[in-house]
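I opened this model to look up a few things about its packing. My notes follow, in the order I looked.

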Amino acid sequence: MLILDGTSLAAKFKGKIEDEVNALIKKGTTPSLHILLANADDASAIYVRNKLNTCEKLSIRAKLHKFNPESITQEDILQKISLLNVDENVHGILCQLPLPKHINADMVAAAIAPKKDVDCFNPFNIGQLFNEETLLEPCTPKAIIALLHHYQIDLTGKRVVIIGRSKIVGKPLALMLLRKQNNATVTVCHSRSKNLKEICLSADVLIPALGKANFLNEDYIKPEAVVVDVGISKIRVGDKNKTCGDVDFNRVKDLVFAISKVPGGVGPMTIHMLIDNLVKTTKMQTQK
Ligand code: NAP
């Protein structure tokens, strides 16, 4: 059984990004990322801290704009984005999700200038995913595909089953896997899908992104399948919190051809894909 090791791949990828950032700095531009945070969610605080730390390690300028989740208005956040959009010292903007219920997340995504949209959530950039190639791709799908490519998992003609149809993972991933460079036959499942077990058993490559701890066991996995586990959940084991994926790793590990672990799979790659997008948006704005 092969482990799709996102931690070691991320370490390799970091070297490549470092070189690109240093080349930009040498030419006089330090990439700069602005993060908008309007929730009091613990998980979001951790994600934002990781992003800021990664930027610091790579000599990237990063600034956090914090808003009070209760008093923030749609107008406040859109105004801040308008200012950042026209500031030539800002190369990337992202808004950490979730947003408070009274804020329209779609409008926020649409307000971020496509050339600064490092998360690739703006409808223009999402629309570009219909094309065979695009400069910007959403970070998690990009991380999943990078992991599969690195381990030379040939997707041509393979049946790939994605569980989850979110805008962040499932939907963009399906579009990207359909591209001619991947040539996968894609099925996307969700909470209303019937016969989930049977569909999963038909998968050459199974990509669960449900967010339900240990939801999938050996009953869902075809022998010799490749599994990329995207889900991240916290469970209580004894008096400790444990991070685990959507797949019960121990129950399927002897059955699969390859599998990613949680933690240590898609997660470590995702943040580097964000920085890769920032390098791209910086180049777009500085290289005439
Ligand atoms: P989400 O928006 O909550 O979407 C979850 C999807 O799973 C939905 O489409 C939902 O169906 C589907 N689903 C839920 N229960 C199901 C069931 N019993 N059977 C079939 N489908 C079911 O979540 P998300 O933002 O896409 O994230 C999914 C997971 O990936 C989370 O654990 C998240 O933490 C993790 N994640 C990891 C990374 C990373 O870097 N590794 C990045 C992003 C997200 P409906 O649409 O019908 O509700």
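**Entry 1: Ile 168**

I looked up Ile 168 and got 35% relative accessibility, so I list Ile 168 as partly exposed. My cut-offs are buried under 20% relative accessible area, exposed over 50%, and partly exposed in between (1.4 Å probe, protein chains only). The model is predicted, so I note that local features need pLDDT of at least 70, side-chain atom pairs count only at pLDDT 80 or more, and totals for chains, interfaces and linings use all residues. Residues are numbered from 1 along each chain as its sequence is written, and side-chain values use heavy atoms, with hydrogens and water left out.

Ile 168 sits in the loop between β5 and α7. Helices (H or I, at least four residues) and strands (E, at least two) are DSSP runs, numbered from the N terminus. I then checked what Ile 168 touches, leaving out residues up to four places away in sequence: Leu 97, Phe 121, Pro 138, Thr 140 and Pro 141. Contact here means heavy atoms within 4.5 Å.

**Entry 2: the largest core**

Which residues touch the most other members of the largest nonpolar core? I found Ile 144, Leu 148, Leu 177 and Ile 207, in a core of 47 residues. I count as a nonpolar core a set of buried Ala, Val, Leu, Ile, Met, Phe, Trp, Tyr and Cys residues joined through side-chain atoms within 4.5 Å. The largest share, seven residues, comes from α10. This core takes at least three residues from each of domain 1 (28–117) and domain 2 (139–267). Those bounds come from an automatic or database domain assignment. I also noted that the C-alpha centres of domain 1 and domain 2 lie 28 Å apart.

Next I listed contacts of Ile 207, again skipping residues up to four places away in sequence. Among them are Ile 144, Leu 148, Leu 177, Val 228 and Val 230. A second, separate core has 18 residues, including Leu 196 and Leu 206.

**Entry 3: α6 against α10**

The axes of α6 and α10 come within 8 Å and cross at roughly 115°. Axes are lines fitted to C-alpha atoms, for helices over the stretch in contact, and angles run from 0 to 180 degrees between N-to-C directions. I therefore call α6 and α10 roughly perpendicular to each other, a label for 65 to 115 degrees; under 35 is roughly parallel, over 145 roughly antiparallel, and the rest oblique. Residues in this contact include Ile 144 and Leu 147 of α6 and Met 273 and Leu 274 of α10.
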